[in-house]
Amino acid sequence: GLAAKAMKAHDILAGRVKEWSLESGLPIQLSGRGLLLGLELEKDPLKAREWISRCWQAGLLVDWFLFNEGRLRLAPPLNISEGELHDAMDILRKAHG
């Protein structure tokens, strides 16, 4: 069902974030459960907003948390495909630079 699909999608995203962190040497933190996630890479809210703006320009809608402006909110729909998850991660990485 949807819960199992959400956990599989979570595992895909977590794997991609871990891969990104290892390849780049950046201390990327992923938090949350299922598909309600927070991705922290930028401690500086201004840099995080610039990153979010570049994601929006590339067609990926992400947002920040009011209590932590350096953390991106990731909340894809439960029916997202694996291909779309990988596309989203590709945009996140490219937009970060």
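1. Buried here means under 20% relative accessible area, exposed means over 50%, and partly exposed lies in between (1.4 Å probe, protein chains only). By that cut-off, 39% of the 97 residues of the protein chain are buried.

2. This is a predicted model, in which local features need pLDDT of at least 70 and side-chain atom pairs count only at pLDDT 80 or more, while totals for chains, interfaces and linings use all residues. Residues are numbered from 1 along each chain as its sequence is written, and side-chain values use heavy atoms, with hydrogens and water left out.

3. The protein chain holds three helices and four strands, in the order α-β-β-α-β-β-α from the N terminus. Helices (H or I, at least four residues) and strands (E, at least two) are DSSP runs, numbered from the N terminus.

4. On overall dimensions, the radius of gyration of the protein chain is 13 Å, which agrees with the value near 13 Å for a compact globule of 97 residues. The radius is taken over C-alpha atoms, and the globule rule is 2.2 Å times the number of residues to the power 0.38. Along the principal axes, the C-alpha atoms fill a box of roughly 40 × 30 × 25 Å.

5. Contact means heavy atoms within 4.5 Å. Of the contacts in the protein chain with a separation of 6 or more, 56% join residues 24 or more positions apart.

6. A nonpolar core is a set of buried Ala, Val, Leu, Ile, Met, Phe, Trp, Tyr and Cys residues joined through side-chain atoms within 4.5 Å. The largest one has 25 residues, and those with the most contacts inside it include Trp20, Leu39, Trp51 and Leu72. At least two core residues come from each of α1 (2–24), β2 (36–40), α2 (45–57), β4 (68–74) and α3 (82–96). The largest share, six residues, is that of α1.

7. Leu39 lies in strand β2 and is buried, at 0% relative accessible area. Leaving aside neighbours within four places in sequence, its contacts include Val17, Trp20, Trp51, Leu72 and Leu92.

8. Where is Asp44 found? Asp44 sits in the loop between β2 and α2, and counts as partly exposed because its relative accessibility is 34%. Asp44 and Glu69 are 25 residues apart along the chain, with their C-alpha atoms separated by 8.0 Å.
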